[in-house]
Amino acid sequence: MMTFRKFTIVNMSVVSLIMTLLFTVNFVVDPYNFNNIFDFDFRKNVISKSKNYRLWKLSDLSRKSKSYVILGDSRSGNLEEVYFERLGVEGFYNLGYGGGTLSEAIDSFWIAAGNNKLEKVIFGVPFSLFNESNNLNLLLEAEDVMDNPFKYYLSSFTFSASYMNVYDKYIGRVAQEVPPMNKEAFWRHQLEGVTNGYYSTYVYPDRSLMKLKEISEYCAEMGIEFIFFIPPTHVDLQSRVADFSLTREYSLYKDDLCKIANVIDFDYLNKVTASKDNFTDPYHFNEKIAIKIVEEIVNDTQFFSKRCEIKEVDPII
Amino acid sequence: MLFNSHIFIFIFLPIAFFLYFYLNKIRLVRVSKLWMVFASLFFYSWWNIYYLPLILASISINYFVARKMIEHKNSQFEWLSKTLLLKIGLAFNIGLLVYFKYMDFFITNTNELIGSQLGLLHLALPLAISFFTLQQIAFLVDSNEGLVKKINLLDYSIFVTFFPQLIAGPIVHHKEMMPQFADAKNKLINYENVSKGLFIFSIGLFKKVVIADTFAVWATTGFDSAESLNLFAAWATSLSYTFQLYFDFSGYTDMAIGLALLFNIRLPINFNSPYKATGMIDFWKRWHITLTNFITTYIYTPILRSFNVLTFNKAMIATLITFLISGLWHGASWMFVIFGGLNGLGIIINHYWKKKAKLKLNKYLGWFITFNYVNITFVFFRAREVDDALKVLSSMFSLSNVVLPSFLASRIEIANVKFGGLVTSIHGDGYTPIWLVLGFVFVLGLKNSIERLELFRPNVAHSIFFVFILGYTLSSMNNISEFLYFQF
């Protein structure tokens, strides 16, 4: 048995030591580039980014000035900046997040608009995203960390990102996450279980639609070009809409988007969406298609997209 | 400033602690008290500086009225009877509470009742107003009854503002606090209290950051966002909130008790394993104990005294009225009144059972009924509107919305049964059922914090436990969420 004094001093010293170690590692490795003091040439844009897309992109965006952004979920995220740069686009930034939600995309717009002089915004809205019951917002956490250095430097999450960067550089490459099954099994899993999760609790997002209208009005006011983009999904997934009796909602969704802004729509039966070769799973197109999509968006050509010009803008009451 | 924020733990608390004891060490006792009041008011003002004049005014006026009652015979206010002084003090406190907390509620109900068009005031609820007002009402009543012999502004200010218990209790009584602040032994650092204080603070922090905030995601989504809930999701929602509320509020109380112990002040316990209760009477002896004591002394007893002849039935009426008031104290909403009413009803049924049925209920059955009744009353406590409460309750007791896990879809087929994620609608995952089971294990199978504190010894086992939970929790504080009871 030790004395109370010894208990207090020893244990508080140990806890202080742990926190100091945590701080030091996080400060030196700095996985999300908060201070940018040390440069160990880590693969942060792969390791840190994949660990938390939101924090990575918010932190990254805060240090850059961009005029052209794309928003949405992983489908938007797959339209990589390099594809745009190859076509001569400057000042582009991709703010799409894997597993992103509509409320996150809407908040991301306002963050981007608050910190940058925007000229063009592409808002990716697949049908699965356009769903009020899917309203998780992890962006708030990332914003919170951005605003409070304590939360960044003293966090076990940051430490695990630091550790992965160090491991990747000095011990062995950190493998990127891949589905623990073959393409066919993963395809079925996405088409059944995941789709069931999205569509069985589907709620038409009237509230979010109002928020999109607000964005559209803001863009019109500020002279920002605002376009919706509906990414292609495989026809297997397109046919699931009817299985869940959501055909009316699906049709309404496209009509409503078109009332707010111009829409570039890739999600209908065509030669691209009919072929499994163009997709890694029913939701996600592959790199080849991503490049074609970017070409259509940037060059305003129509290889396999449809266009819907804005019909009318309902006043916001 | 929240107890579970970095700024509080790493900056405010060390400065408050070391300067307080340093000033005492160099025998600047009055300055150390002034420092404590200043630190507490700074802590209070961190949220909103505009609340500061209100608490200062409340302290000043209550102090003035209490002093006039204590020194009544020698006072220039002798022409005012003590009872009248008390009434003035009570009117001020209740008026303050009504104006800031209930005015819009009254206006809304008046408009609905008589069709008037009175405009709402939209006043922001000042932080902790319910707690510091209750504490001061008790002080005035005791001053009137001659239970307070002397008073000075500095001691009174510490009693009201002492930061560990200022925001959400425990509700303290002057007779248990004032002597502790006056005791010379408490002016020096006491390592037994410091180690115990840090120990229980760490447990409280763990309860809040690791347990309560985990349940909060599912409870918040289930109540506020999910449009519909299946049977399992509805139970997961209500149980998540029941666990969240306990771990959040008892975690806060543990932190308050621990922080006060650092300054050699012992705060009363507020929770004694309430979810182990085997009846509603038992539950309210274990849940928010200081509030129960307050309403018993200052509301229930006066109501009983107001009856000329006291009967069992009249006592039950007094119980119901007390719980309705207690419900309304939690917030300006009919949902809290329903919550209070249901709890009052539960207590009455419990009393009738004990008195009339003369049947001893099996303790496991008693626990089962009590826990589920409490769980249902908390649905009303949490829901913002009746529709939200009914959404959760109807889904909890409806067999028409049963959902089975997706992986069973290809194996079995049952009419009217859907397949899908059991808890996806509340942002749950495979860990949700595990956490719910753990919730039961924590509240039923483990010793509570106060029991742990009593067993605390400065040994290796406690060192490992302390370092682990404090280190783990401090590094998990990414997401700072407010304590539930701050809103009251």
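Visitor: Why is B:Asp248 called buried?
Guide: Its relative accessible area is 0%. Buried means under 20%, exposed means over 50%, and partly exposed lies in between (1.4 Å probe, protein chains only). B:Asp248 has 0%, so it counts as buried.

Visitor: Before we go on, what are we looking at?
Guide: This is a predicted model, in which local features need pLDDT of at least 70 and side-chain atom pairs count only at pLDDT 80 or more, while totals for chains, interfaces and linings use all residues; side-chain values use heavy atoms, with hydrogens and water left out. Residues are numbered from 1 along each chain as its sequence is written, and chains are lettered from A and ligands numbered from 1 in the order in which they are written.

Visitor: What makes B:Lys208 and B:Asp248 a salt bridge?
Guide: A salt bridge needs a side-chain nitrogen of Lys or Arg within 4 Å of a carboxyl oxygen of Asp or Glu. Here N and O are 2.8 Å apart. That is within the limit, so the pair qualifies.

Visitor: Where in chain B do B:Lys208 and B:Asp248 sit?
Guide: B:Lys208 is in helix 9 (residues 191-225) and B:Asp248 is in helix 10 (residues 231-262). They are 40 residues apart, so the pair links distant parts of the chain. A helix here is a DSSP run of H or I, at least four residues; a strand is a run of E, at least two; both are numbered from the N terminus.

Visitor: Is B:Lys208 buried or exposed?
Guide: Buried, because its relative accessible area is 1%.

Visitor: How do you know that B:Arg382 forms a salt bridge with B:Asp224?
Guide: Their closest N and O atoms are 2.7 Å apart. B:Arg382 is in helix 15 (residues 363-382) of chain B, and B:Asp224 is in helix 9 of chain B, 158 residues apart.

Visitor: What are B:Arg382 and B:Asp224 called, buried or partly exposed?
Guide: B:Arg382 has 15% relative accessibility, so it counts as buried. B:Asp224 has 24%, so it counts as partly exposed.

Visitor: Which residues do salt bridges that share partners join into one network?
Guide: A:Asp60, A:Arg63 and A:Lys64. Over all chains, the search finds 24 salt bridges.

Visitor: What makes A:Asp73 and A:Arg75 a salt bridge?
Guide: Their side chains meet at 2.9 Å, N to O. A:Asp73 is buried, because its relative accessibility is 5%. A:Arg75 is buried too, because its value is 2%.

Visitor: Why is the link of A:Cys258 and A:Cys308 called a disulfide?
Guide: A disulfide is a pair of cysteine sulfur atoms within 2.5 Å. These two sulfur atoms are 1.6 Å apart, so they pass. The angle about the S-S bond is -95°, and the link is left-handed. A:Cys258 is in helix 13 (residues 247-260) and A:Cys308 is in strand 6 (residues 306-308) of chain A, 50 residues apart. A:Cys258 is buried, because its relative accessibility is 0%.

Visitor: How do you know that A:Cys219 is in no disulfide?
Guide: The nearest cysteine sulfur, that of A:Cys258, is 16 Å away. A:Cys219 counts as buried, because its relative accessible area is 1%.

Visitor: How many residues of chain A and chain B are in contact?
Guide: 30 residues of chain A are in contact with 34 residues of chain B. Contact means heavy atoms within 4.5 Å. The buried area between the chains is about 2900 Å², and carbon and sulfur atoms give 69% of that. Buried area is the accessible area (1.4 Å probe) that two parts lose on being put together, summed over both. A:Phe4, A:Phe7 and A:Phe150 supply 22% of the area that chain A buries against chain B, more than any other three residues.

Visitor: How many salt bridges lie between chain A and chain B?
Guide: The count is 0. There are 3 residue pairs in polar contact, both at pLDDT 80 or more. A polar contact is a pair of N or O atoms within 3.5 Å; within protein, one must be able to donate a hydrogen and the other to accept it, and residues adjacent in sequence count only if both atoms are side-chain atoms.

Visitor: Which helix of chain A gives the most to the side that touches chain B?
Guide: Helix 1, with 11 residues.
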